[in-house]
Amino acid sequence: MPEPYDVITMGRIGVDLYPLDIGVPLARVETFGKFLGGSPTNVAVAAARLGRRTAVITRTGRDAFGEYLHQELQGFGVDDRWVTEVEGYPTPVTFCEIFPPDDFPLYFYRQPKAPDLEIHPPELDLDAVRDARIFWMTGTGLSAEPSRAATLAALQARSESARSESPAPEFRTATVFDLDWRSMFWDGGDHSSVAPARYREALAHATVAVGNIDECEIATGEREPHAAARALLAAGVELAVVKQGPKGVLAVHRDGSTADVEPLPVEVVNGLGAGDAFGGALCHGLLAGWDIARIMRYANAAGAIVASRIACSSAMPFPDEVERALAEGAVTEDIAAGPTGAAS
């Protein structure tokens, strides 16, 4: 039997075209950098950077950008065996504007439909999904069919295996629901009538939920962090992680343990991707068996490092960088510059 993956993520992938001109409106930007993108894909990259064996389940167009994404995944050490092509739909492209410290508008080009929403249930390797120590899925995957059915099938397989006595899920650590609310992907946008119900359906199968205040409100109707955490626990998860931006992160476990961790000081260059670095580090900490306070401090540091850099995927930190940031108590200029001295 093949060794289980540490982390399998499922969902969005695309090409990020980020301006290399900071503080300039998109209409005036002249130079862009091209990067692997898509939140769950970036989480797989982040966990791989921290030494974990990872894979991603997603789909691209049958085009040059799709080829580029395969090359990048392989270069980052992420298994791309379940990254397949869709005929007729182009690989998505995402642009952003960079206005530090807290304004980073995103422009998604996912028409007529993103290939990563064309994941079909029969295509899933459910044995690998069941056996993975961590399975990570996102709210975007619930926004359209057949991705919704495939995501729920994967979650159901995890739940059924966890309840089964044979085989015992001794390697399983977590089924993580990244709430990942993107209103533009849902019919009705912020007023979608179906999103809350879809979120509740997925939460019943997850053991960990991660989201910011807006995302927690979609999932639970609550905006106050402690109330949102309690509502997520009531929905079925064992660990609720509520990200609060400059106020830090709150984590509450069903066993009563709580961590309320302040952010690490950082000069923000691009806040996009920080949450994905946080996610990869969260997986790393769960796999290591750390207590939740240590996990949150480590994940906060990983996110802060990426916020100090322009890129997302290629900016994901290595373990020594995270440890240095924790030891320094801040993301210093040399940490932000990265191991090669480049801020991207």
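**Ground rules.** I number residues from 1 along each chain as its sequence is written, and my side-chain values use heavy atoms, with hydrogens and water left out. Since the model is predicted, local features need pLDDT of at least 70 and side-chain atom pairs count only at pLDDT 80 or more, while totals for chains, interfaces and linings use all residues. I take helices (H or I, at least four residues) and strands (E, at least two) as DSSP runs, numbered from the N terminus.

**Entry 1: α8 and α9.** I looked up helix α8 (residues 274-288) against helix α9 (residues 292-307). Their axes come within 7 Å and cross at roughly 150°. Axes here are lines fitted to C-alpha atoms, for helices over the stretch in contact, and angles run from 0 to 180 degrees between N-to-C directions. That angle makes α8 roughly antiparallel to α9. My classes are: under 35 degrees roughly parallel, over 145 roughly antiparallel, 65 to 115 roughly perpendicular, and the rest oblique. α8 passes α9 in a right-handed crossing.

I then listed the contact, meaning heavy atoms within 4.5 Å. On the α8 side I find A274, A277, F278, A281, L282, H284, G285 and L286. They meet I295, M296, Y298, A299, N300, A302, G303, V306 and A307 of α9. By class, the residues of this contact are 13 nonpolar, four polar and no charged. Ala, Val, Leu, Ile, Met, Phe, Trp, Tyr, Cys and Pro count as nonpolar, Asp, Glu, Lys and Arg as charged, and the others, Gly among them, as polar.

**Entry 2: α1 and α8.** Helix α1 (residues 39-49) packs with α8 at an angle of about 50°, and their axes are 7 Å apart. α1 and α8 are therefore oblique to each other. α1 passes α8 in a right-handed crossing. From α1, I noted S39, N42, V43, A46 and A47; from α8, D276, A277, G279 and G280. This contact divides into four nonpolar, four polar and one charged.

**Entry 3: the sheet.** I traced an open sheet of four strands, in the order β3-β2-β7-β8, with mixed pairing. Two strands pair if DSSP finds at least two bridges between them. β3 (32-37) and β8 (106-109) are the edge strands, each pairing on one side only. Neighbouring strands are turned by 25° against each other on average, direction ignored. Strand β2 (residues 14-19) pairs with strand β7 (residues 93-96) in the parallel sense, over three bridges. In β7, F95 is the bridge partner of L17. Helix α2 (residues 64-76) packs on the sheet and touches β2, β3 and β7. The direction of α2 makes about 70° with that of β3.

**Entry 4: salt bridges.** I count 16 salt bridges in the structure, each a side-chain nitrogen of Lys or Arg within 4 Å of a carboxyl oxygen of Asp or Glu. One of them joins E201 and R198 at 3.8 Å, N to O. Both residues lie in helix α5 (residues 195-203), three residues apart, about one turn of the helix.

**Entry 5: backbone.** The peptide bond from P100 to P101 is cis, with omega near 10°. P101 is in the loop between β7 and β8. The bond from Q111 to P112 is also cis, with omega near 0°. I find P112 in the loop between β8 and α3 (126-131). D180 has a positive phi of about 40°, although it is not a glycine. D180 lies in the loop between β10 (174-178) and α5.

Terms used:
A crossing is left-handed if the near helix is turned anticlockwise from the far one by less than a right angle, and right-handed if clockwise.
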